[in-house]
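Trainee: Please take one part of this model and go through it closely. I would like to follow a sheet and the helices beside it.

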Amino acid sequence: MIHLVTHYIHTHKLLSPAATVIVGVSGGADSMALLYILKEIGYNCVVAHCNFTLRQKESDADESFVVDYCRTNNLPCLVKHFDTKKHAQDNKISIEMAARELRYGWFETLRLHYQAEAIAIAHHFNDSIETILINLINGTGINGLTGIKPINGHIIRPLLCVNRKEIEDFLQKKHLHFITDSSNVENIYTRNKIRNILIPQIEEINPSFINT
């Protein structure tokens, strides 16, 4: 998989060789795979972990996991605590949107501070499919049906060339640990409803839906 991601980075000109990159790491499977691969390729990774203080002890456990991993692997790690609920209430937006605004705003501050070439996010192939379905449900034009772009300003997504199963298999092969966010199985968010309910129902009609 490292070869696939390396080829994808070069093909889409996401990063220069040995570039400094801010890597958003939640501690989940996707971001841990992204961090490992970018480090193996030879990029100068600065880890950024957001604690949105939404899941109390679980959020703190996620933070400790990422910090410990970075300490063990001699990686610089920065952590930011956010009052996500307050930001959502003050701006009259959803929790999802509040977390997005806070996350990307902080990542950009770090990019400028470290003079990093880009901000790497761990969206993968399945995320792109989910985004297309979200856009379709909400109403969209042609652009909304093209999925997640590999590069958007200074934000890059090197894992769009691989799917969730490939990532999980890679982590198992490399004996890499990760944490599971309990909110991923709560169907109160639109993306979770699509991931956990809608796509499985579509796959009952067309088992090869993800690939097609």
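Mentor: Helices (H or I, at least four residues) and strands (E, at least two) are DSSP runs, numbered from the N terminus. Ser59 is found in one of them, helix H3. The model is predicted, with local features needing pLDDT of at least 70 and side-chain atom pairs 80 or more, while totals for chains, interfaces and linings use all residues. Residues are numbered from 1 along each chain as its sequence is written, and side-chain values use heavy atoms, without hydrogens or water.

Start with the sheet. It is open and has six strands in the order S3-S2-S1-S4-S6-S5, with mixed pairing (two strands pair if DSSP finds at least two bridges between them). At the edges are strand S3 (77–81) and strand S5 (151–152), each of which pairs on one side only. The partner of S5 is strand S6 (residues 155–156); the two run antiparallel and are joined by two bridges. Across this pair, Ile151 stands opposite Ile156 in S6.

Helix H3 (residues 57–72) lies across strand S2 (44–51) and S3, and runs at about 165° to S2 (angles run from 0 to 180 degrees between N-to-C directions, and axes are lines fitted to C-alpha atoms, for helices over the stretch in contact). Helix H5 (residues 95–114) also packs on the sheet. H5 touches strand S1 (20–24), S2, S3, strand S4 (118–120) and S6, and its direction makes about 150° with that of S2.

Go back to Ser59 in helix H3. Ser59 counts as buried because its relative accessibility is 6% (buried means under 20% relative accessible area, exposed over 50%, partly exposed in between, with a 1.4 Å probe and protein chains only). Leaving aside residues up to four places away in sequence, Ser59 touches Asn51, Thr53 and Leu54 (contact means heavy atoms within 4.5 Å).

Next comes Gln56, in the loop between S2 and H3. Gln56 has 66% relative accessibility and so counts as exposed, whereas Ser59 is buried. Most residues other than glycine have a negative phi. Gln56 is not a glycine, yet its phi is positive, at about 50°.

With a relative accessible area of 67%, His175 is exposed.
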